[in-house]
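This report describes selected local features of one protein chain. The sequence and the coordinates are shown first, and the description follows.

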Amino acid sequence: MATLQVTGTVKDAQGLTTPFTGTINTQSAPVVSSVVVTPDPAPVGTKRTITINAADAEGGPLTYTCFVEGQAATPTAQPNVFTFVA
């Protein structure tokens, strides 16, 4: 997330001033709403589908990676869906 610093002063009719500071957040991190694994539970050796549901606060595109116990899951044609045999 990038942050911009805002500073300035406020002045009244008598000439008294008070400084102020603040920040503007220019980006927010994506929010993951769910991770769905199907089938679950299933016997060992079953191919499973992992679907990650997420959104970018600014509406931008997302890039996904997925690992199971440190091993990369296999991407599918859908950028948020992976398969893994476990």
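## Strand pairing

Two strands are taken to pair if DSSP finds at least two bridges between them. The model discussed here is predicted. By that criterion, strand β3 (residues 31–38) and strand β4 (residues 47–55) are paired, because 7 bridges join them; the two strands run antiparallel. Within this pair, Val32 stands opposite Ala54 in β4.

Strand β4 is also joined to β8, by 5 bridges, and these two strands likewise run antiparallel. Here Arg48 stands opposite Phe84 in β8.

## The open sheet

These pairings belong to an open sheet of 4 strands, in which the order is β3-β4-β8-β7 and the pairing is antiparallel. The edges are formed by β3 and β7 (74–75); each has a single partner strand, so one side of each is left without a neighbour in the sheet.

Strand β3 is also hardly covered: among its 8 residues, the count of buried residues is 0.

Leaving aside residues up to four places away in sequence, Thr83 touches Lys47, Arg48, Thr49, Ala73, Thr74 and Thr76.

The loop between β3 and β4 contains Pro39 and Pro41. The peptide bond from Thr38 to Pro39 is cis, with omega near -15°. A cis peptide bond also joins Asp40 and Pro41, where omega is about 5°.

## Glu69 between β5 and β6

Which backbone feature marks Glu69? Although this residue is not a glycine, its phi is positive, at about 50°. Glu69 is placed in the loop between β5 (67–68) and β6 (71–72).

The relative accessibility of Glu69 is 81%.

Key
Residues numbered from 1 in each chain as written. Predicted model: local features only at pLDDT ≥ 70, side-chain atom pairs only at ≥ 80, totals over all residues. Heavy atoms only, no water. Contact = heavy atoms within 4.5 Å. Buried < 20%, exposed > 50% of the residue type's maximum accessible area, 1.4 Å probe, protein only.
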